[in-house]
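Colleague: I am new to this structure and should like to learn how to read its features. May we go through them one by one?

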Amino acid sequence: MLERVQSQSDRTMIEIRDVTRSYGSFKALDNASLAIREGEFFSLLGPSGCGKTTLLRMIAGFDTPTSGSIAVDGQPMDGIPANRRPTNMVFQSYAIFPHLDVEQNVAYGLKRLRLGAGEEKRRVEEALAQVSLIGLGKRHATELSGGQRQRVALARALVMRPKVLLLDEPLSALDKKLREQMQVELRRLQQAVGITFVLVTHDQYEALAMSDRIAVMFGGRIAQVASPKEIYQRPVNRQVADFLGGMNFVKAEIVEENGASLLLDTLGFGRVRTDKPRAFVRNGGAATLGIRPERLRVLWDNTTAKFEVAGKVVERHYFGEITHLIVEIPGLEKPLSVTETNDFGADDIPVGAPIRLAYDPEALVAMAD
Amino acid sequence: MTAAVEGSPPLRVAGLRRSPLLQSEAVQGFALISPTFVYALILLVLPILVVIAHSFWTQHYLTIDHTFTLENYRIALTEPIYRDLLWRSLYISLTVSLLTVALAYPIAYFISFHGGRHKSLWLFLITIPFWTSYLLRVMSWKVILGYNGVLNSGLMGLGIIDEPSTALLYNSTAVIITLTHAWATFAILPIFVSLEKVDRTLVEAATDLGDGPLRSFLRVTLPLSAPGVISAALIVMIPTVGDYVTPKLVGGKDGVMIANAIQAQFGKASNWPLGAALSVTTMIIVSLMAGATVLVFRALQRLAR
């Protein structure tokens, strides 16, 4: 299988240790620890109010941890104000200075460094070229489209050559098509400049498509930190699984537990042996077994599979290139969701028809209940 | 069946054959603003026209000679007394507006950026002095600055001066102090409004790009609140040129302003045409000064980039 090219080193760029941020009795961030590597594209993913933006703002210096510490490039950031941190930020609203033109916006942070007119101009042009905004330098901030404003915000941060670039939901204000284009461009840009990017997003596809690693957060806590593939295929609990696309959950009983694997008894899938997740903490004898809808395949006519379940189609939803089937399996309290490509006519399966589904036991994930 | 498909005929307003003139949007618009327009015409434009007309006539005791003359303007512009009064009025109003804006800005800034949940309470507190009459407020400055006033007794009590100072009251400084206090609220409110409109993320962005608090203020907050500063300066400058109550009460003979002279011409001296010419001259010069102020502010704004 094709693996993502590992451009980053193993050196830690941002070290977040036991950071808590409380507002009165409410904990926006609860004892979070995280190490972000140099040159990594790292995403903080979670629903709104999960503490991801709070964490980003604390790295930038706009917010202070109630307890715990943050270090950037080995340097503790306690007491260092935002204007003296080696980080730069792309704001959700882009925060383009409305009284300045594009060039002046990009040169804003350079002015203070007194580089001299020539060097300043060269760096501004380099930054504008990186974000494909050549020729728009004299355009006034109020005459820019959403996508252009976003590029100006990027150039303005990149021109400072920060050690870390912080992005606060930078694509949420763009329409779908532009957003998808910018995802690719941002990823390409990050690999070209080699700067550590920390992205805050609530869009799971955005995080999966762009990141080297993702931290999934819920209610001020970090639930899982892993590569996109691992997060998607081996979610650590039901919450993470549910947040990243659909997942079928099946009740299971733990029959046997050892260091690396679990033996589970389920009603629909029988007795299954699965990998034990790294963060598995046993909670009594019950557990949950999960399988993604696209990992269940429809078995046609006489074909058989080593692992299969049989049931009845109760609903069918057509989505163009795929069809979504809801299949009732005897013994399961909730019907299974199945996504099947329409190449073989899944969109013609009649509701009420008996159906057999094949699955790969590798695709079954055990989760703590 | 076909009838149902065809649908209803276009709506027609029965019995009202409107003229195309009445249906034009422009005419409807004028009709809509006409009450206010007539009001403005009668109460603003007409009096000004009457004043301008008078400025070209001549007073003969009780009658007015309606032959056109520029004599009044010659007197208004060349007589040293009127020239001095005009200069002093401009100097006082300019100083007052600059001082008022300089003092009002920090207050407006504090309320806008650090007022928190109590912004409206702060604004309310600032308007409290305005519940008393303007005359009372001017008179209270007399109490503070007078020979036996609060300031003199205070300074004497502290042993800083031996006898009451007469330098505090009845001069242009007293006028400036009184007017600066009187107009503070009118400067605070427009500056506050423009500061409220400054997106706080922009200040954060400036900080993120390396600016300390002072730099981000000078490079972002101040330029973006400039419209409020300009309007505050104009709101204070234009009316203070024509103020005649304050100079009369606290100005003494050194604090007399052009409006006192105009009032005298329309009153005791009973020379309306000269009073009118002085008014028109003052109006024109104030407009020029207001225009110049806007230009100076714009230039400063451009320099700050």
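Colleague: Which residues of α6(A) are buried?

Modeller: Please note that this is a predicted model. Helix α6 spans residues 176-193 of chain A, and its buried residues are A:Met182, A:Gln183, A:Leu186 and A:Gln190. Here a residue counts as buried if 20 or more other C-beta atoms lie within 10 Å of its own.

Colleague: Why do the buried residues of α6(A) line one face of the helix?

Modeller: The general idea comes first. An α-helix has 3.6 residues a turn, so residues three or four places apart point the same way. In α6(A), viewed down the axis, the buried residues fall within an arc of 115°, so they line one face. The face turned away from that buried side carries the exposed residues A:Lys177, A:Val184, A:Arg188 and A:Ala192.

Colleague: What covers the buried residues of α6(A)?

Modeller: The cover includes β3, α5, β8 and α7 (204-210) of chain A.

Colleague: In what order do the strands of the open sheet lie?

Modeller: The six strands of chain A follow the order β6-β7-β8-β3-β9-β10, with mixed pairing. The edge strands are β6 (87-90) and β10 (221-226) of chain A, each of which pairs on one side only. From one strand to the next, the twist averages 20°.

Colleague: Which bridge partners does A:Leu44 have?

Modeller: The bridge partner of A:Leu44 in β8(A) is A:Val200, and in β9(A) it is A:Ala215. Strand β3 (residues 41-45) of chain A runs parallel to β8 (residues 196-201) of chain A, with five bridges joining them. β3(A) also pairs in the parallel sense with β9 (residues 213-218) of chain A, over four bridges.

Colleague: In what sense do β9(A) and β10(A) pair, parallel or antiparallel?

Modeller: Their pairing is antiparallel, over five bridges; A:Phe218 has A:Arg221 as its bridge partner in β10(A). The two strands form a hairpin with two residues between them, and A:Gly219 in the turn has a positive phi of about 50°.

Colleague: How many residues of chain A are in contact with chain B?

Modeller: There are 18, in contact with 15 residues of chain B. The elements of chain A that give two or more residues to this side are β6 and α3 (108-111). By class, this side of chain A has ten nonpolar, six polar and two charged residues.

Technical notes: Residues numbered from 1 in each chain as written. Chains lettered and ligands numbered in written order. Predicted model: local features only at pLDDT ≥ 70, side-chain atom pairs only at ≥ 80, totals over all residues. Pairing = 2+ DSSP bridges. Axes fitted to C-alpha atoms, helices over the stretch in contact; angles between N-to-C directions. Contact = placed C-beta atoms within 7 Å. Nonpolar A, V, L, I, M, F, W, Y, C, P; charged D, E, K, R; others polar. Expected span 1.5 Å × (residues − 1). Buried ≥ 20, exposed ≤ 12 C-beta atoms within 10 Å, placed from the backbone. Arc of directions from axis to C-beta.
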